[in-house]
Amino acid sequence: MIKSIQNYIEDNISKQAILLNRNWGTGKTFFVQNELIIELKKQKKMVLYFSLFSFYSIKELNQKLYLSTLLKHTDLIKEHWSESITLVIFNILSMIASSNNINADCLCEIETFLKLDDMVIILDD
């Protein structure tokens, strides 16, 4: 199953979601946390994992996704700008996120300066 998921992720045509659908208690979360994420990281993928049970709204999930994406890319940003400029950029974006003004457009806009091709986002319900 891991190889099939890796192939799907690497396929540039299918930038969609994958649904793991099994009965409750069959080991989906265990598989993702203890096998899939480890293999994806070996392939140099940046993995963001969120349990949806910890969010009360889509807006809260958007904020966490936005900030987590920025944190994962801090080193990448440092490669292009000085550390002080990176800190200013991160602080500004963090303030925007905490002001409850994050929406899907904000998440799409960060792709203009962050490399998201190697990122895998996992939502676990």
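This is a predicted model: local features need pLDDT of at least 70, side-chain atom pairs count only at pLDDT 80 or more; totals for chains, interfaces and linings use all residues.
Contact here means heavy atoms within 4.5 Å.

Residues are numbered from 1 along each chain as its sequence is written, and side-chain values use heavy atoms, with hydrogens and water left out.

**Helix packing**

I recorded an angle of about 50 degrees between helix 1 (residues 2-10) and helix 2 (residues 28-42), with their axes 11 Å apart. Helix 1 and helix 2 are therefore oblique to each other (angles under 35 degrees count as roughly parallel, over 145 as roughly antiparallel, 65 to 115 as roughly perpendicular and the rest as oblique).

**Faces of helix 1**

I found Ile2, Ile5, Gln6 and Ile9 of helix 1 to be buried. They cover an arc of only 100 degrees around the axis, which puts them on the same side of helix 1; the arc is that of the directions from the helix axis to the C-beta atoms. Buried means under 20% relative accessible area, exposed over 50% and partly exposed in between, with a 1.4 Å probe and protein chains only. The buried residues of helix 1 pack against helix 2 and strand 2 (119-124). On the face turned away from the buried side I found the exposed residues Lys3 and Ser4.

**Asp124**

I then looked up Asp124, which lies in strand 2. Asp124 is buried, with a relative accessible area of 15%. Leaving out residues up to four places away in sequence, I listed Thr29, Tyr49, Phe50, Ser51, Leu52 and Phe53 as touching Asp124. Asp124 and Leu52 are 72 residues apart in sequence, yet 5.8 Å apart in space from C-alpha to C-alpha.

**Whole chain**

I counted 6 helices and 2 strands in the protein chain (DSSP runs numbered from the N terminus, helices being H or I of at least four residues and strands E of at least two). Of its 125 residues, 30% count as buried.

Conventions: Axes are lines fitted to C-alpha atoms, for helices over the stretch in contact, and angles run from 0 to 180 degrees between N-to-C directions.
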